[in-house]
Each structure stands twice: as C-alpha cells, then as structure tokens.
Amino acid sequence: MVTATLTRLSEDFLIRPISGFGRFTKFLMESSKRCILPRVNTVLLLRQMEFVGNRSLGIVIISAVMIGAIFGLILGNIFRKFGAESMLGAAAGIALTKEMAPVMCGFLVTARAGSAMAAEIGTMRVNEQIDAMRVMSVNPYSYLVAPRMLAGIIVMPLLNCVFVLIGCLSAFLIGLMFYDIDVGVFIEKLRWMVRPRYVFQGMEKAAVFGAILASIGCFKGFFTAGGAKGVGKATTEAVVISLVAILIADYFVSYFQFDKIF
C-alpha cells in the first residue's frame, strides 16, 4: 500500500512533470526554428494577428478603462491626504507601463486566444488532421504553431500600448472629475516620471508573455489525447499553466529590468 502510494506520488510530482517539461522544450525548439528559418506563410500570419490582436481589442479597451478608473480613484484618494493629487498621473503611468498593462493583456489574451489555440489544435489532433498534414508533407509546426507564436509576439506589445494609453486617459478623467486635477500639471507629471524606456520595458514583457501563451496553448493542443474530454482538459491546462507561467516570467523579466527602473 505504501509502496504503491509512493510510486504514484513520484509519478505525479516528479516523473510526469520532468517528462512534460522535456517534451515542451523539444516542442519549443522545433517551433522556434520554424519561426526563424523558413518563411512563414504571410496569409496565415496575418490571420493569426487579426485573431489574437484585433479580436482581443475590445476586452483590452474595456479592461483598460476600468483599471485606469480604479487607479484614479484609489491613488487620488491616497494622494489627497498628502496634498499631492498632481502625482496621480505619474503614479498611474508608471504602474500601467511597467506592470499592469503587460500582465493584464497577457491574462486577457490567454483567456481568449490561448484557450482557442489549444482547443482548435487539440480538435485537429483528435480528428487526426495533424497526421493527415504529415502524410501530405505539410509540416504542422510551420503551418499551425509558427504563425500563432509570431502573432503573439508581434501583437501583444501593440495591445500593451493601447492598454497604457486608454488606462492613463481613464485615470486622467477620474482625476479631473473627482479631484479637480489641472490638465497641464497631470500631463507634466506624467512626462516627468514616465520615461520612454518604461514603455519599451512593458512592451518587452508583453512580447515575452505573447510567446508564452501561444507556445503553451499550441503545445497543449498539439499533444491532446482522449477525444472531446481530452480537448477540454488540454484547454483548461493551457489557460492555467499560461497564467502561472506569465506571473513567473513577470518576476524574472522585472528582475532583469530592475537596474533600469530609475
């Protein structure tokens, strides 16, 4: 009884994770090679960019409005106690550019596009369409994975910029309506504190998150098994693992950018 339990635990928490990580590493290396060496089909790439970027724009804008408004209310109330309401723009701008915009975009696009990637490719796997591609001498990495990974890397920084712009505008409107902040002072403090490299650092994070959500979504779909139930399981795992991986990657990217913060 004890031996069977230890064997099951070692398989669940040691053997299976290591094996899965090794398979993911091999998948990522092959996918990255297909993104760089051969020419990716432009039509497929544009289609995926439209799917990941354009169709995610609505939820990104709505989220940016709400996040910016929340920042405006909370930070404005805190700064009012110190008579420093003019710092609202600087604080909201730094928080959005360096952290909230890339992370929230990563979460939103994972929930919408990353899950769809896993479900679509997983359905193709259980229906043996991927095997049919190989029979027809079509490389599934070049046809299915590379356009999605490149689309995530290209589009996520653009969505991040939209999030920052809308979030700062929303915080400005809240500060104007509730805390009577001068327009010129708000913009001047924003320009003083939020440097251009902060925006680029947020875009770097967003590109990393785009690669993470696309690669994990494609990986989980690519190795789906077990029919419709397997597709649902792969989709759920893709979203959960992507969210956790984004948070872990966020720490390490922030650490490497730390010497550039001030």
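Trainee: What should I know before reading the numbers?

Mentor: Residues are numbered from 1 along each chain as its sequence is written, and side-chain values use heavy atoms, with hydrogens and water left out. The model is predicted, so local features need pLDDT of at least 70 and side-chain atom pairs count only at pLDDT 80 or more, while totals for chains, interfaces and linings use all residues.

Trainee: What makes up the secondary structure of the chain?

Mentor: Nine helices and zero strands. Helices are DSSP runs of H or I with at least four residues, strands are runs of E with at least two, and numbering starts from the N terminus. The pattern along the sequence is α-α-α-α-α-α-α-α-α. The C-alpha trace spans about 65 × 55 × 35 Å along its principal axes.

Trainee: Why is the link between K205 and E99 called a salt bridge?

Mentor: A salt bridge is a side-chain nitrogen of Lys or Arg within 4 Å of a carboxyl oxygen of Asp or Glu. The closest N and O atoms of K205 and E99 are 2.9 Å apart. That is within 4 Å, so the pair counts. K205 sits in helix α8 (residues 196-222) and E99 in helix α4 (residues 88-126), 106 residues apart, so the pair links distant parts of the chain.

Trainee: Which other residue forms a salt bridge with K205?

Mentor: D250, with the closest N and O atoms 2.9 Å apart. This pair also links distant parts of the chain: D250 is in helix α9 (residues 227-257), K205 is in helix α8, and 45 residues separate them. D250 and K205 are both buried.

Trainee: How do you know that D131 and R125 form a salt bridge?

Mentor: Their N to O distance is 3.4 Å. The limit is 4 Å, so the pair qualifies. D131 is partly exposed because its relative accessibility is 35%. R125 is buried because its relative accessibility is 18%.

Trainee: How many salt bridges does the rule give?

Mentor: Eight. E30, K33 and R34 are linked in a network of salt bridges. Side chains of opposite charge can pair when their charged atoms come close.

Trainee: What makes a set of residues a nonpolar core?

Mentor: The members are buried Ala, Val, Leu, Ile, Met, Phe, Trp, Tyr and Cys residues, joined through side-chain atoms within 4.5 Å. The largest such core here has 59 residues, and V52, V145, M156 and F163 touch the most other members. Helices supplying at least two residues each include α1 (2-36), α2 (42-52) and α3 (57-81). The largest share, 16 residues, comes from α6.

Trainee: Which residues is V52 in contact with, leaving aside its neighbours within four places in sequence?

Mentor: Contact means heavy atoms within 4.5 Å. On that basis V52 is in contact with V109, R112, A113, M117, A151, V155 and L159. Across the chain, 85% of contacts between residues at least 6 apart in sequence join residues at least 24 apart. Of the 262 residues, 43% count as buried.

Trainee: Where is I187, and why is I187 called partly exposed?

Mentor: I187 is in helix α7 (residues 183-193). Its relative accessible area is 43%, which lies between 20% and 50%, so I187 is partly exposed. I187 and F172 are 15 residues apart in sequence and 8.9 Å apart in space, C-alpha to C-alpha.

Trainee: Why are E128 and S137 called exposed?

Mentor: The cut-off is over 50%. E128 has 54%, so E128 is exposed. S137 has 70%, so S137 is exposed too.

Key: Buried means under 20% relative accessible area, exposed over 50%, partly exposed in between (1.4 Å probe, protein chains only).
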